[in-house]
Amino acid sequence: MEPLLGEWPLRFSRLPMFPFFDMAHYAASVMSLKEQRGAVEISRHSPIACWFSAMLHCFGGSILSSLLLSEPPVAFLANTTNVLLASSVWYLIFYCPHDVFSRYLSCLPIRLLVSGMKEVTRTWKITGGVTRAHSHYQNAWIIMIVVGWARGAGGGLISNFEQLVRGVWKPETNELLKMSYPVKVSLAGAILFTMQHTHYLPMEVHDLMLFYTVFLVVTKVAMMLTEFRTSPFAVLENAVGSFLFGFEPSYVKVKGKSKVSYNGGPSVNEGASGGEMGDTVKKRHAKKTE
């Protein structure tokens, strides 16, 4: 069966991720860490904890998928070049004089480019996870979906453990309780690539990689440009949840503007400042009432 778009999907599937796409993934992951509340303070008095958190953000998919397949979770450290590259990106983002590197990455055109390149790596991670699971368990499609999902969204799925490294315990932020967009889209991708791998989806893997990646990049860029914080799957989730589980439709009410982070959600720091401003206004109003 010939590819649907000629040689383009095949050439795209052979696109090397190292070093530029991997570097973009590390930059987006570490910037996402820096946007977390208290991360900058941790980097000042505990650089080792900050570095370990950054590595969990960068290699969380590899660590989680290795654990699921009963393989050493430290296997990613064997790739010394990638670890050194991720560590260099981490150092520049947190410790570059005058925060020059971080400010450069915060420029909107650079943010869009880095985030788009990170989404490209997500496709490669999911397909790699599905293929790896298939080599261990032939046609065990549930395992293939789970490992592909873990490989593509491992950093989000182990976010509670990463927070513990920084001395934060927030069980209510568990991704299984309230999934973020990257975790949802990775799950959808793992299902699609598993169906293709088990021949339930009559489509060449190269074509699926191209179409899925285009969807990821276009959606992510659109979310960042429009500051749209609701998942693109919200309508489908509400319909299916209401029909199968009796969920009430949920709608996100956004007050004011908030910068969309590299992970597609609202910036934690800005959300915190907005809450502090709200508390200040309430206190002033209470004083006036008294």
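The axes of helix α7 (residues 108-136) and helix α8 (residues 141-157) approach within 7 Å and cross at roughly 145°. Here axes are lines fitted to C-alpha atoms, for helices over the stretch in contact, and angles run from 0 to 180 degrees between N-to-C directions. Helices are DSSP runs (H or I, at least four residues), numbered from the N terminus. The model is predicted: local features need pLDDT of at least 70, side-chain atom pairs count only at pLDDT 80 or more, and totals for chains, interfaces and linings use all residues. Residues are numbered from 1 along each chain as its sequence is written, and side-chain values use heavy atoms, with hydrogens and water left out.

The crossing of α7 past α8 is right-handed, that is, the near helix is turned clockwise from the far one by less than a right angle. On the α7 side, the contact involves Arg122, Lys125, Ile126, Gly129, Val130, Ala133 and His134. These meet Ile143, Met144, Val147, Gly148, Arg151, Gly152 and Ala153 of α8. Contact means heavy atoms within 4.5 Å. By class, this contact of α7 with α8 has seven nonpolar, four polar and three charged residues. Ala, Val, Leu, Ile, Met, Phe, Trp, Tyr, Cys and Pro count as nonpolar, Asp, Glu, Lys and Arg as charged, and the others, Gly among them, as polar.

Several loops carry backbone features. The peptide bond from phenylalanine 18 to proline 19 is cis, with omega near 5°. Proline 19 sits in the loop between α1 (8-13) and α2 (20-34). Serine 70 is not a glycine, yet its phi is positive, near 60°. This serine 70 belongs to the loop between α4 (47-68) and α5 (80-95). Serine 70 is exposed, at a relative accessible area of 68%. Exposed means over 50% relative accessible area, buried under 20%, and partly exposed in between (1.4 Å probe, protein chains only). Histidine 199, also not a glycine, has a positive phi of about 70°. The loop between α10 (181-197) and α11 (205-226) holds histidine 199. Its relative accessibility is 71%, so histidine 199 counts as exposed.

In helix α12 (residues 234-244), the buried residues are Ala234, Asn238 and Gly241. They lie on the same side of α12 because they cover an arc of only 75° around the axis. The arc is that of the directions from the helix axis to the C-beta atoms. Glycine 246 follows α12, with a positive phi near 70°.

How values were computed:
Helices (H or I, at least four residues) and strands (E, at least two) are DSSP runs, numbered from the N terminus.
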